[in-house]
Amino acid sequence: MNSEAILPQTTPAAAMIRTLGLLSAICGLIIVAAYQLTYDAVQENKRIAVERAVFKVIPAAKSIVEYSALPTGEVEVIGAGGATPPGALKFYAGYDAAGRLAGIAAEGAAKGYADTVRILFAYDPATSSIPAYSVVAMRETPGIGDKILVDKDFLASFPLEAKLSADLKALANAIITVKHGSKTKPWEVDAISGATITSRAVGKAINDAAQALLPRVAPNLDKLKEKS
Amino acid sequence: MSQPAGKMSARNWDEFMEGVWRQNPVFVMVLGMCPTLAVTVSGVNALSMGLATAFVLVCSCGLVSLLRKLIPKEVRIATYIVIIATFVTVVDYVIQAVSLALYDALGAFIQLIVVNCIILGRAEAHASKNPPMAAMTNALGMGVGFTIGLLALGTVREILGAGSLFGVSLFGADFQPWVIMVLPPGGFFVLGTWLLFFAALERRKQRKLAEATQNA
């Protein structure tokens, strides 16, 4: 090794290209093989993760159907692996064992303390309320922001009232997070003291998503009633 | 294989223990601190990160060692990175297939194994100069050593910061978690304490050695 270092030898470019080419071929094969072998398991995992999240917020649901709510006010089923058209909002309809609509679930997102807090909330058309929510992803401070999962007073804010206004264009009362202990209305979220920013993010995420989605879903509820 | 079997395995054992103990990547070389501090908030995270890194280490050192006569020195770093990145991609898919929750918990740190200096360091310093068996044994030792290092941090931080071990609650509902231990400063506290412990061990060993030579 040392004798080579004293007399610097240059490797011909052809040798470098040969080595890198050979290596790229080997590595490409390994990656493609790994992708092919794990593809089914990964897709299955993703499906189970979505199902589990929806079943958590709609406990009565036994099966789910993915829908997209189009800007034109229509709803259509998203096929397996299908993409949502531009401007459409994705939501899940949960059906009970008898195939009746048990609830609707959709994702919402809002800026929290550390990063965007992504949540999934349920909507119960029978009572026009939001009975529960769960967190899809968050990077809030452990022990402080993540209290939104366990704090009793905060979780007691649910169900939240989510009635639409008379013209079906928006919610009659916007869902809003209020200071800890000052919740008086059924559409208010009781903030956690010390985790106000994260609490507000949950309220805002639900409000933004519900304001956009529910006016599109409400006229189509009859179509969603039975599992198609 | 002309050597006696006993001698061969002793050499292998030596090569293996190099990374596990004498040159432990976390506690002796203090390498790869980024994942060490960031993902060790729980035992499960630490274990899976350690195993993922060990897998990438062994596979890439094996391939680097196999190709060592073919790799021109001008492009060796590029070659190592391509090889390492390949196995990181494989690990990335495998973890997604095993558990999405784990994949989310480890986040970007799986992809960042590519630039983990332990792996590049092993490829450059050891695998490029040794036959595949020796290179993979050494890499396995380093991987196990790294996993032990991560587990040492992860278990302590999980016990103190969440009151559980591998997700099993240890102290019941009345336990008030020491939250700072699962926050970034806790990583530095626990790592510092472990380094202190190993430095004290090392110093004691040297004192004993000095006494022994004086007596002789």
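This note goes through the predicted model of chains A and B, point by point.

1. Basis. This is a predicted model, in which local features need pLDDT of at least 70, side-chain atom pairs count only at pLDDT 80 or more, and totals for chains, interfaces and linings use all residues. Residues are numbered from 1 along each chain as its sequence is written, chains are lettered from A and ligands numbered from 1 in the order written, and side-chain values use heavy atoms, with hydrogens and water left out.

2. Interface extent. Chain B gives 25 residues to the contact and chain A gives 25. Contact here means heavy atoms within 4.5 Å. The buried area is about 2,100 Å², with 76% from carbon and sulfur atoms. Buried area is the accessible area (1.4 Å probe) that two parts lose on being put together, summed over both.

3. Polar pairing across the interface. Zero salt bridges are found between chain B and chain A. The rule asks for a side-chain nitrogen of Lys or Arg within 4 Å of a carboxyl oxygen of Asp or Glu. Three residue pairs are in polar contact, both residues at pLDDT 80 or more. A polar contact is a pair of N or O atoms within 3.5 Å; within protein, one must be able to donate a hydrogen and the other to accept it, and residues adjacent in sequence count only if both atoms are side-chain atoms.

4. The chain B side. Helix 4 (76-98) and helix 5 (100-106) of chain B are the elements that give two or more residues to the side touching chain A. Helix 4 of chain B has the largest share, 12 residues. Helices (H or I, at least four residues) and strands (E, at least two) are DSSP runs, numbered from the N terminus.

5. Helix packing in chain B. The axes of helix 3 (residues 43-66) and helix 4 of chain B come within 9 Å and cross at roughly 145°. Axes are lines fitted to C-alpha atoms, for helices over the stretch in contact, and angles run from 0 to 180 degrees between N-to-C directions. Residues in this contact include Phe55(B) and Cys59(B) of helix 3 and Ile84(B) and Phe87(B) of helix 4.

6. Backbone points to check in chain A. The peptide bond from Phe158(A) to Pro159(A) is cis, with omega near 0°. Pro159(A) sits in the loop between helix 3 (152-155) and strand 8 (160-161) of chain A. Leu168(A), not a glycine, has a positive phi of about 60°.

7. Salt bridges overall. Glu51(A) pairs with Arg47(A), their closest N and O atoms 3.0 Å apart.
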